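Below are some notes in numbered points, meant to be read with the model open beside you.

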Amino acid sequence: MASAHARIPRHSSARAILRATGLFGLAFVIFAAVLLAAGKDPIRAYRDILSSTLVDRYGFSEVLVKMIPLMLTALAVAIPSRIWLINIGGEGQLYMGALFATWAATYFAALPAWELLPLVAALGFLGGGLWAAISGVMRAYGWVSETISTLLLNYVAILIVSFFVFGPWKDPESANYPQTAEFVAAARLPTFFGTRVHLGLLIALVAFIVYHVVLTRTRWGLEIRAMGGNMEAARRSGIAIGRYVLVLMFIGGGLAGLAGVGEVSAIQGRLRPSLSPGYGYTGFLISWIAGGNPYGIVASALLMAVITAGGDVLQMAHRLPGSVVNILMALMLFVVLARRRVP
Amino acid sequence: MHNVEPLVALRGITKSFPGILANDRVDFDVYPGEIHALLGENGAGKSTLVKVLYGIHQADTGTIQFGDRAVQIRSPHDARRLGIGMVFQQFTLIPALSVVENVALFLPHLPAVLDHGVIARRIEEVSGRYGLAVDPWAPAWRLSVGEQQKVEILKLLLARSRVLILDEPTRVLVPHEIDGLFRVLAGLREHGYAVVFITHKLPEVLTCADRITVMRGGTVAGTLVRAEATERGLVGLMFGTAWPEEGSSRREPIRESARPLLELREVDTSGDGVSLRQITLTIAPGEIVGVAGVSGNGQRELGDVILGLTQTAGGKKIIHGQDATRWSVDRIRRSGVAFVPEDPLRMLIVPPLSVLENMALADTRKYARHVGLTVDWIAVRRDLEQSTRRLALEMLPPAVPAGTLSGGNVQRLSLVRELSIDPRLIVALYPTRGLDVRGATAARHLLLAMRNRGAGELLISEDLGELFSMSDRLIVLYRGRIVGEARPKDTTVYEIGRLMTGGVAGG
């Protein structure tokens with residue numbers, strides 16, 4: 001009879017949004033104090049950030065450009081988190097995706113675009129997916145926690161990419177720059193409206209829809225929700241948990257790999273060691289803020305993209321180091337952590 | 001009987017939850033020096049009432065009088081300050097800490113520097129007085145369930161609680177531990193403590209209570225002193241007029257020739273907990289094999305091995321004549337093996353999923369359409385209705401999250417789900433533990449009916465009465481080994497009890 005009455009009060013989503021807004025507002029207020037302390041006018045700084053990101057057409061397109069890898073890496077965290085797996089390896093999976101994509105773009109450069117592009121994307125997905133699956137296997141057999149292994153494999157992945165761009169794949173024509181040769185035109189993801197917004201945006205949105213539909217409508221979604229709701233019951237119901245650990249890690253890693261594909265194939269056009277300014281980690285933060293909720297991820301990715309772009313504004317117009325926005329992101333993390341009450 | 005004032009008096013307590021009126025104008029008094037049993041079916045409102053008293057819930061209306069003043073109890077913290085303490089069904093000890101540390105954590109006004117020696121001496125002094133002996137330096141994880149309960153009570157005593165609320169304290173105990181608990185409670189009564197004791201077991205109430213309040217459907221059906229109470233009278237109050245029929249265990253002869261549904265041949269396991277050693281066991285169609293044993297002697301491990309949750313370290317497992325030693329849980333279940341657990345909310349039911357979704361989890365492969373892209377919810381619903389009807393139960397609301405159902409309804413959902421596949425082999429792990437009289441009777445009826453239709457069953461239970469009345473054969477587990485086997489009519493409760501505690505057969 002105890003359980004009959006143990007109803008957990010559920011906050012309405014409107015209240016949750018209001019609360020999140022209030023907390024993020026608090027983060028902005030504290031950051032304003034930091035700006036004041038640095039001798040800057042916070043109101044003007046925020047106005048400049050807004051006018052050069054959300055209001056300005058080009059600025060907004062750049063926000064979208066940043067949102068693409070952020071949404072994908074956030075999904076890479078959110079999907080395994082449905083069964084309580086913690087994937088901190090988005091960064092490494094992004095790099096491995098970029099590496100595999102670069103390989104495809106280089107060795108099949110003679111193919112026409114309609115064959116080459118899907119190949120590049122598929123290999124990018126495979127690269128990120130396999131990288132995450134390593135952690136998946138180690139977790140499924142109970143050898144190593146995926147939290148640790150995904151984190152450590154980030155460093156390995158970045159070093160592997162460095163090995164190739166400094167070594168065998170280095171472009172002889174780029175003097176001393178560690179980078180590969182530029183992709184052929186057929187391996188470049190199409191961009192839209194004369195901006196840098198590329199096909200990855202569409203891919204990310206489709207990934208969200210698929211994620212939502214699979215989770216709510218399919219047999220596998222039901223089993224995933226069962227594992228998320230009661231792992232012991234799922235095991236006793238005969239759900240193959242190890243297989244799901246592997247598959248969800250693979251899919252998550254694959255999506256982070258697609259983020260890498262977008263960066264090399266659409267934005268940079270070649271593989272460089274400084275491929276990502278920590279998209280994988282920011283994606284983790286986004287997924288955490290949103291609690292895995294698809295709409296929340298899109299909204300948080302937008303917020304983080306604006307903040308990242310805001311860093312450039314503060315650097316150029318206000319002569320602050322661009323990394324000052326890391327303070328703001330850290331504040332966001334604090335308020336998110338504060339949201340959950342310690343039982 | 002009472003010429004003293006009540007220690008606590010609840011008046012007109014009403015508490016509603018969405019869709020349920022859990023307490024309806026309940027009056028409840030607790031006197032010093034009494035054991036007051038709170039009796040009722042699952043869902044009668046007992047837990048809600050004591051949670052109002054302990055400050056976990058706030059009553060919608062009604063007052064609480066403590067001594068001679070009206071009080072507001074807004075949190076367990078308030079309750080503890082008034083000297084009201086509660087022992088929950090789920091114990092709250094921290095496994096890695098010692099008894100001393102666990103007790104210290106609970107004490108009010110904990111000093112910055114703990115003197116473990118002083119606390120240990122207080123524990124020994126109090127535990128000696130009330131028969132609550134435990135080793136103060138033992139880490140909590142090493143304590144048996146009975147000892148953990150003693151520590152929970154000690155915590156309250158050392159924190160100077162005068163009113164002790166025990167929520168179904170006997171549920172987790174074996175018979176001799178129950179006797180010990182009752183002696184402890186009697187000792188506390190002598191020293192003027194007030195004990196509120198929730199249960200739905202009649203014999204316990206008649207053994208140890210001074211006063212009995214019976215709840216039914218959120219209201220008080222009656223309060224009696226022990227001398228006035230009879231078993232029949234209490235049942236009448238609990239259930240209205242209908243007296244629930246005890247299960248008739250009509251037996252069919254076992255078809256000896258039939259091929260066994262399950263064979264274990266010299267099965268060993270290794271790993272956490274108890275390891276099974278050389279288990280050899282067969283279950284034939286139409287046979288219930290009862291497993292007796294003190295909890296923690298390999299019962300759960302035995303069930304887990306049969307269900308494929310634990311791999312064998314040696315030996316062979318044969319299901320329906322096929323070597324199933326390496327089969328997955330899924331394969332074993334699909335071959336017609338069902339599982340009726342002790343605590344379905346933890347072991348079988350997914351609380352945030354709806355009743356219908358939980359039903360679908362019985363066999364997601366069966367209900368998948370378009371290779372799994374969609375789920376055939378109409379078929380799930382049809383099976384839910386069919387199985388419910390076959391078990392002669394009331395239909396559960398399909399769209400409601402399973403976690404919001406009452407304990408009895410969760411148990412019903414688990415039975416409806418597991419028996420919907422028309423299993424040939426049923427592994428039942430303490431299937432009636434925590435059920436009220438009516439629920440337990442219904443569950444036993446179901447298991448017997450399934451057996452009479454030809455299912456084989458492994459019945460793991462601590463209730464010897466249940467084992468003797470239901471089983472065709474009994475085995476006794478002790479430290480992971482089968483130490484005895486007999487037909488119920490050829491043995492006695494005494495003999496089985498001796499084997500359970502490590503005695504030698506026939507000696």
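1. Let's begin at a helix: the buried residues of α4(B) pack against α3 (99-106), α5 and α6 (175-190) of chain B. Contact here is between two residues whose C-beta atoms, placed from the backbone, lie within 7 Å. Helices (H or I, at least four residues) and strands (E, at least two) are DSSP runs, numbered from the N terminus. Please keep in mind that this is a predicted model, in which local features need pLDDT of at least 70 and side-chain atom pairs count only at pLDDT 80 or more, while totals for chains, interfaces and linings use all residues. Residues are numbered from 1 along each chain as its sequence is written, and chains are lettered from A and ligands numbered from 1 in the order in which they are written.

2. Which residues of α4(B) are buried? They are Ile119(B), Ile123(B), Ser127(B) and Tyr130(B). (Buried means 20 or more other C-beta atoms within 10 Å of the residue's own, exposed 12 or fewer, and partly exposed in between, with C-beta atoms placed from the backbone.) Seen down the helix axis, the buried residues of α4(B) fall within an arc of 70°, so they line one face; the arc is that of the directions from the helix axis to the C-beta atoms. The face turned away from this buried side carries exposed residues: Gly117(B), Val118(B), Glu125(B), Gly128(B) and Arg129(B).

3. The length of α4(B) also checks out. Its 15 residues (116-130) should span 21 Å at 1.5 Å a residue, and the end C-alpha atoms are 21 Å apart, which agrees. The expected span is 1.5 Å times one less than the number of residues. Just after the helix, Gly131(B) takes a positive phi of about 70°.

4. Do look at the open sheet of chain B, where six strands run in the order β6-β7-β8-β3-β9-β10 with mixed pairing. (Two strands pair if DSSP finds at least two bridges between them.) β6 (84-87) and β10 (219-225) of chain B stand at the edges with a single partner strand each, so one side of each has no neighbour in the sheet. From one strand to the next the twist averages 20°.

5. Helix α5 (residues 145-158) of chain B lies across β6 and β7 (163-167), at about 170° to β6(B). Axes are lines fitted to C-alpha atoms, for helices over the stretch in contact, and angles run from 0 to 180 degrees between N-to-C directions.

6. Arg211(B) stands opposite Val225(B) in β10(B).

7. Two backbone angles deserve a glance. Glu266(B), in strand β11 (residues 262-268) of chain B, has a positive phi near 45° without being glycine. His370(B), in the loop between β17 (368-369) and β18 of chain B, is not a glycine either, yet its phi is positive at about 55°.

8. Finally, the contact between the chains takes 40 residues from chain B and 23 residues from chain A.
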